[in-house]
Amino acid sequence: MSALPAGSAAVPVVSAQGVGKRYGPTVALSDVSLTVHPGESHALVGRNGAGKSTLVSILTGLSKTDTGHVEFGGVPAPPLSKQDDWKRAVACVYQHAMVVPQLTVAENLFLNRQSGRGFAIGWQRLRRQARELLDSWDVGVDVDTPAGELSVEDRQFVEIARALSYGARFIVLDEPTAQLDSQAIDRLFARMRQMQANGVTFLFISHHLHEVYEVCQAVTVLRDAKHILTAPVAEVGRAELIDAMTGEQGGLSVRDASTREALDADADEVLAVDGLSGDGFSGVTFRIHRGEVIGLAGSNASGKHQVAETVYGLRSPSSGTVRVDGKPLKPGDIPAAIRAGIGCVPRDRHHEGLVLEHSIADNATLSILDRMGKGGLAAPAARYGRAVQALRDYDIVAADADQPVSDLSGGNQQKVVLARALAGDPRLVVLINPTAGVDVKSKEALLAVVDRVRAEGKAVLIVSDELDDLRLSDRVLVLRAGAVVAEHRAGWSDGDLVADIEGVERG
Amino acid sequence: MTELMTDPKTSSFAAPPKRRKFRWLRELALVPALIVVLIIGGLISDTFLTFGSIVGILSASAALSMVVLGESLVLLTGKFDLSLESTMGMAPALGAMLVIPVASSGFGTEIPGFAGILAVLVAGAAVGFVNGFLIVKLKLNAFIVTLAMLTVLRGTQIGSTQGKTLFDQLDVFTALATTTFIGLPMSVWLAAALFAAFGLGLRYHRIGRSLYAIGGNREAARAAGIRVDRISWGVFVVAGVLAALGGLAYTGYVGALGADQGDGLILQVFAAAVIGGVSLDGGKGTLVGALTGVLLLQTVTNLLQVAQVPPEWLKAIYGVIILVALIISRYAGGKAQT
């Protein structure tokens, strides 16, 4: 273990000065400086494409900086070829797993160094070392578990422990909370504080600003490849931080449903869900009318996603009915749901939203191929035309409708998914985590579209972990352990809703 | 806007209009190689570039190309089918034995010729149906299922023909290659028509687009309302029929139906598709590319014959050529072929 100099005036753990990176004509990072002091958690925030990933790749030895220099603890960073030296200085825990799922936790921890200095692997010794390592950082994971069976939370701890075992005391966490529910996030933060006390320094990347306030001491904002500000968290307000990220005045502007006129009392009923039960939820009943937005809130384990996926036919219910305009929907049949007038933004755009290698035109028309022309014709020109229209309607920033969606930023990818959900002019739009992993600006744009289609008279079902998404809702239904436990009318307070989601009394 | 300019992934922003034209060129990436091979052939032999020789290359390509067509469709959906090479032998053999008399090693049923042809196609469809059932419905691994099927079909053919080559009274089955129209065998016209029909379908019809979507991301295709299982299964059936047709063309080209018809051909089928830019991962590739892959391989084969390479060495050289072609197309195409 490297001895840490005491006091905040000590040598910074990492110091990047005037770092810049170009990819061809594109400036990915320009004259950015970052100084992280020992024992702090330093937040790195910025919109998608602001340069966070580029900075992380430079700080972790994945790419070389064009200008400026990086130092770890006052020593210049090793050359890229010396990856072992990098491992001793810094490690990054990514959103996606960097473990071999079939191998045990113990073997993952010591991958490619299982045998230590010896020739053969001593399995007893390996397991003992792994247990000692995890125990020393208080990670309660069984070392014999295959890594693929770990929860996201445990997997992150295992990866952190592995990084620490190489001697690194500076850990980059790339959106660690993205896939965690709130209890798991609390445990993560508690563990981070504990490790901080033991001399570990974190660079924390998140789209959720409240997390920054909760766990970080300093924050650095990047925008358009440039360094905007670095300040102690206590000295910057939330609005100021959003301004720094967006370069505009005023925080996130989402129209709260309580500020618009009340729904017509005699609006037609579009969706009727009765006693719907299935994998992870039971007895869910609700109605959505024309021009009405219903939000579903709850923890990741609450069953809210499953309810929405069952409405669209991605899952089959075990009992209960879904009716659109009074007509029962065939369970588990997506084409039938689309014909009945449902459009859907699925939960994960990479997994089931997009064909990443294919063009915007192909992706934007995927669910309406049967109505592009006679006899199932879907000519390239027609698809291209539809996509160009979508680029304009949904303000998607792309070079051309023929561009592969993998080229787009997360926010623009999500707009393509939304464009497709709306392409068939549905009566009901089911949105599952519609703004997950997109920047503040794109979030506003996406929610503005939702508000627009609501005003046109579509019914909207929105499932989200983010309170901002739910603000559009006329009513928010809270699910817990698969059942609807509360309903909030527009104008709810954040605290009350969160208390219901977590199942705690507000006192 | 500014966000885009700084995102390294969107650096292609600079030149949007070129994309559409450029993409067409990539489908023809093998044409220069094809021309080079033809020129070399012309230099080695006076007869290589004659009409007769070109017709020979096309006739020989016809059979292979129909199997490649079927395989490409399966590959586009992200699966693959090794058994096509033995379908190509077994289906025509079954049809033929239903038609020809016992004296010519038939079953003795002696059904009419057209019914025999129909039986060939039905046999191909049936093989594809079973493959599709095992792979799509039972979710078995495509590699081992179709490898087993390959062996079953090959064994069945050898068993029922007792290893003999059928050559007597096969007129109905060779007609495809022996009848000509404007100097070219019907098999060439049929292959061309099939490529045109399927090529246009892949580009202009929703089911064609579905194949790409399924191969690109099955889950996304399903979530977009595409009946993924039904279409994948159907593609296996279509591929089986196309392989059976390819087998007919092959029988006609050779003039006899050997018990080993199609044996080892699957390597050429995969090579032609991959060299032509069809991804083994699914979701990527065009039939124009696959067709140029077939023509290139077949031209090289004919070149080897013209160059009087000792026949016992042909197989080794051919394998090496396929490896080299894969390496070249990897760098010409610039994308990993995984």
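**Two chains, a few definitions**

User: What separates the centres of domain 1 of chain A and domain 2 of chain A?

Analyst: 38 Å, taken over C-alpha atoms. This is a predicted model, where local features need pLDDT of at least 70, side-chain atom pairs count only at pLDDT 80 or more, and totals for chains, interfaces and linings use all residues. Residues are numbered from 1 along each chain as its sequence is written, while chains are lettered from A and ligands numbered from 1 in the order in which they are written.

User: Which residues does the domain assignment of chain A give to domain 1?

Analyst: Domain 1 is 14–94 + 171–176 + 206–246. The bounds come from an automatic or database domain assignment.

User: Why is helix α10 of chain B called largely enclosed?

Analyst: Count its residues: ten of the eleven in 206–216 are buried, so the rest of the structure largely encloses α10(B). Buried means 20 or more other C-beta atoms within 10 Å of a residue's own (exposed is 12 or fewer, partly exposed in between; C-beta atoms are placed from the backbone). Tyr212(B) and Leu211(B) are among the buried ones. The cover includes α12 (360–364) of chain A and α4 (51–76) of chain B. A helix here is a DSSP run of H or I, at least four residues; a strand is E, at least two; both are numbered from the N terminus.

User: How many helices and strands are there in chain B?

Analyst: 15 helices and two strands.

Technical notes. Two residues are in contact if their C-beta atoms, placed from the backbone, lie within 7 Å.
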